[in-house]
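Reader: I am new to this structure. Could you take me through a few of its features?

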Amino acid sequence: MRFQMFSVRSLAPASLAAGLVATLGAGAALASGVGQPAPGQMGLQVPVTPIAAYINWFHDGLLLPLCIIISLFVLGLLVYVMVKFNEKANPTPSRLTHHTGLEVAWTVIPVLILVVIAIPSFRLLRDQLVIPPADVTVKVTGKQWYWSYEYPKDQGGGFGFDSLMKPEKDIDVAKGDVRLLSVDNEVVVPVGKVVRMQVTASDVIHSFTVPSFGIRIDAVPGRLNETWFKAEREGMYYGQCSKICGKDHAYMPIAVRVVSEQAYTAWLGEAKKKFAGAPAHYADAAASVRQ
Ligand SMILES: [Cu+2]
């Protein structure tokens with residue numbers, strides 16, 4: 001505990017600065033886009049799932065204020081000590097070495113603060129990890145350097161496709177394309193439904209992350225991880241691979257289009273025709289694995 005007090009103290013100026021910057025940046029964050037970052041944005045992306053909303057509250061409503069209060073308190077203590085107990089103001093220092101009351105206080109108060117943080121933190125973990133009955137399941141495979149998606153047959157799917165970043169020359173801003181985030185084939189899911197993502201990888205570890213859904217889970221070869229989201233708003237939501245996975249790590253975006261139930265059913269019908277047979281990249285990847 002004492003060690004912790006020291007480390008908090010030594011970190012104080014840095015965390016204070018971060019807290020102030022984040023507070024000042026809150027104005028800029030108001031202008032943040034939905035489903036993608038906005039220029040100059042400081043805060044988190046606009047949440048569109050209950051989990052993401054909870055994460056935003058946890059960060060902006062609990063952790064950041066606590067951080068700012070503790071930083072200001074420690075700064076105040078430092079200034080107080082510097083003014084009151086410097087050599088000039090206090091030429092004969094006290095020889096006091098123990099103060100039971102103070103020691104109990106600086107042990108118990110941090111413990112209470114940690115408990116206050118732990119309760120919503122564990123609740124969030126439980127909500128993220130205990131997956132409610134799913135309406136739609138999609139399997140995601142991270143590859144160097146793109147994502148593949150599979151829609152199971154028993155849910156009207158029975159097809160898979162690769163999703164690669166649109167090259168610079170194909171970006172059409174008028175059509176809503178976003179540089180470095182738009183892809184050739186988007187994942188399409190229905191609004192207001194529980195979507196379960198089963199996530200794995202075929203080569204190295206990747207990480208499937210969509211900030212506005214509040215999801216981030218590692219894609220590990222040989223392991224099937226699961227996460228879920230329930231988007232409450234239609235639209236395009238972007239994410240990126242969040243585990244350094246090789247030279248094109250920065251160029252394997254995730255693009256999820258949330259649509260109405262009817263539009264989803266229509267898309268399923270089209271996609272089944274469009275993606276009939278194994279996609280070209282699947283064949284490539286399989287061949288390269290066999291070599
Ligand atoms: Cu990756």
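Reader: Which loop holds L180?

Author: This is a predicted model. L180 has a positive phi of about 70° although it is not a glycine. The place where L180 is found is the loop between β3 and β4 (187-190).

Reader: Is L180 buried, partly exposed or exposed?

Author: A residue counts as buried with 20 or more other C-beta atoms within 10 Å, and as exposed with 12 or fewer. L180 has 13 C-beta neighbours inside 10 Å, so its class is partly exposed.

Reader: Which residue does a cis peptide bond join to Q144?

Author: Most peptide bonds are trans. Here omega is about -5°, and the bond is cis.

Reader: Which strands are at the edges of the open sheet?

Author: Five strands form this sheet, in the order β3-β2-β1-β5-β8, with mixed pairing. An edge strand pairs on one side only, and those that do so are β3 (159-163) and β8 (225-229).

Reader: What is the bridge partner of V138 in β5?

Author: Strands β1 (residues 136-143) and β5 (residues 195-201) run parallel and are joined by seven bridges. In β5, V138 has as its partner M197.

Reader: Where does the largest nonpolar core lie?

Author: This core has 40 residues, and those with the most contacts inside it include V138, V189 and A255. Both domain 1 (2-90 + 98-129) and domain 2 (136-290) give residues to the core, so its place is between these two domains.

How values were computed
Residues numbered from 1 in each chain as written. Predicted model: local features only at pLDDT ≥ 70, side-chain atom pairs only at ≥ 80, totals over all residues. Core = buried A, V, L, I, M, F, W, Y, C linked by C-beta atoms within 7 Å. Domains from an automatic or database assignment. Pairing = 2+ DSSP bridges. Helix = DSSP H or I, 4+ residues; strand = E, 2+ residues; numbered from the N terminus.
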